[in-house]
Amino acid sequence: MKFLRVSLHILIILLLTILTQVGGLAYLLYLWLKRRFDFTGLKKKAINFGLFAAIYGILSFIILPILASTLYNRKPLPLMNNTLKPLRAYTFLMNRHYVHEDLYKVLLFESEAMQKEFPETVTYYLDACFPLGAKFPLLPHWSHNDGRKVDLAFYYSDSTTKLYKKGSPSWLGYGVCESPTSKEENMPEFCAQKGYFQYSFLEKIIPQYKKGNYIFDKTRTKTLIQKLTASSKIKKIFIEPHLKSRMKLTNSKIRFHGCHAVRHDDHIHIQL
Ligand SMILES: [Zn+2]
């Protein structure tokens with residue numbers, strides 16, 4: 001019985017570390033405090049959760065930003081900014097929104113420029129990197145391991161009004177794809193034929209029911225990519241080849257990521 005309990009604790013620590021970087025440490029501290037101070041009473045479960053949440057909150061929102069900045073020149077992307085926001089709360093609740101200061105500056109500057117050119121436009125970020133570690137991958141993105149990469153959501157218009165629409169058709173931010181038409185280059189099909197089953201995996205498991213309400217905003221998305229490629233700090237951008245052609249983008253910084261990755265017609269990947 002004790003063996004099972006210890007195994008379960010180890011599994012939780014590993015899982016929380018993989019998902020949030022400091023969740024495993026928070027859980028260890030929580031177990032230690034719980035042993036030291038015997039929390040008993042009717043609302044034991046609520047107290048336990050509150051204790052873990054408090055430790056996790058202090059580590060994530062007070063200690064990590066200081067360590068990330070001092071050790072790795074990384075900053076958490078803004079949470080309340082009018083031009084640059086997280087698409088989903090899980091991104092910052094799980095510490096997945098840290099980037100190198102150079103990338104932070106470019107993103108903020110270009111999202112402000114986008115709003116000046118297209119009023120009301122909000123640029124949404126998805127997964128970036130963890131705050132600590134030179135090679136600590138932010139799974140499932142193996143390359144997001146050094147603060148120099150971030151994913152951004154596409155811009156959309158409303159399918160009925162044809163006006164700019166905030167948000168995204170995907171609850172996760174990924175997996176609702178702007179697929180190639182029959183006349184466009186079809187990398188998802190090519191990669192599937194080569195046996196890379198993971199390439200379109202997310203599209204198969206993410207609910208698609210909101211897709212009909214959103215239209216991919218070619219003009220805004222193209223403008224953002226052009227602004228980013230014009231920045232000397234940005235070295236590479238990944239989107240699917242059919243979208244690169246559709247938006248008539250020619251900059252050599254825009255590359256194909258390869259079949260071993262996942263498809264990039266649901267988001268834009270940017271790196272320093
Ligand atoms: Zn990425």
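Author: The protein is divided into domain 1, residues 1–72, and domain 2, residues 77–271; these bounds come from an automatic or database domain assignment. Their C-alpha centres lie 32 Å apart. To the contact, domain 1 gives 11 residues and domain 2 gives 9 residues, where two residues are in contact if their C-beta atoms, placed from the backbone, lie within 7 Å. On the side of domain 1 that touches domain 2, the elements giving two or more residues are α1 (2–20) and α3 (44–72). Of these, α3 gives the most, with 6 residues. Helices (H or I, at least four residues) and strands (E, at least two) are DSSP runs, numbered from the N terminus. By kind, this side of domain 1 holds 8 nonpolar residues, 3 polar and no charged; Ala, Val, Leu, Ile, Met, Phe, Trp, Tyr, Cys and Pro count as nonpolar, Asp, Glu, Lys and Arg as charged, and the others, Gly among them, as polar.

The model is predicted: local features need pLDDT of at least 70 and side-chain atom pairs count only at pLDDT 80 or more, while totals for chains, interfaces and linings use all residues. Residues are numbered from 1 along each chain as its sequence is written.

Among contacts between residues at least 6 apart in sequence, 71% join residues at least 24 apart.
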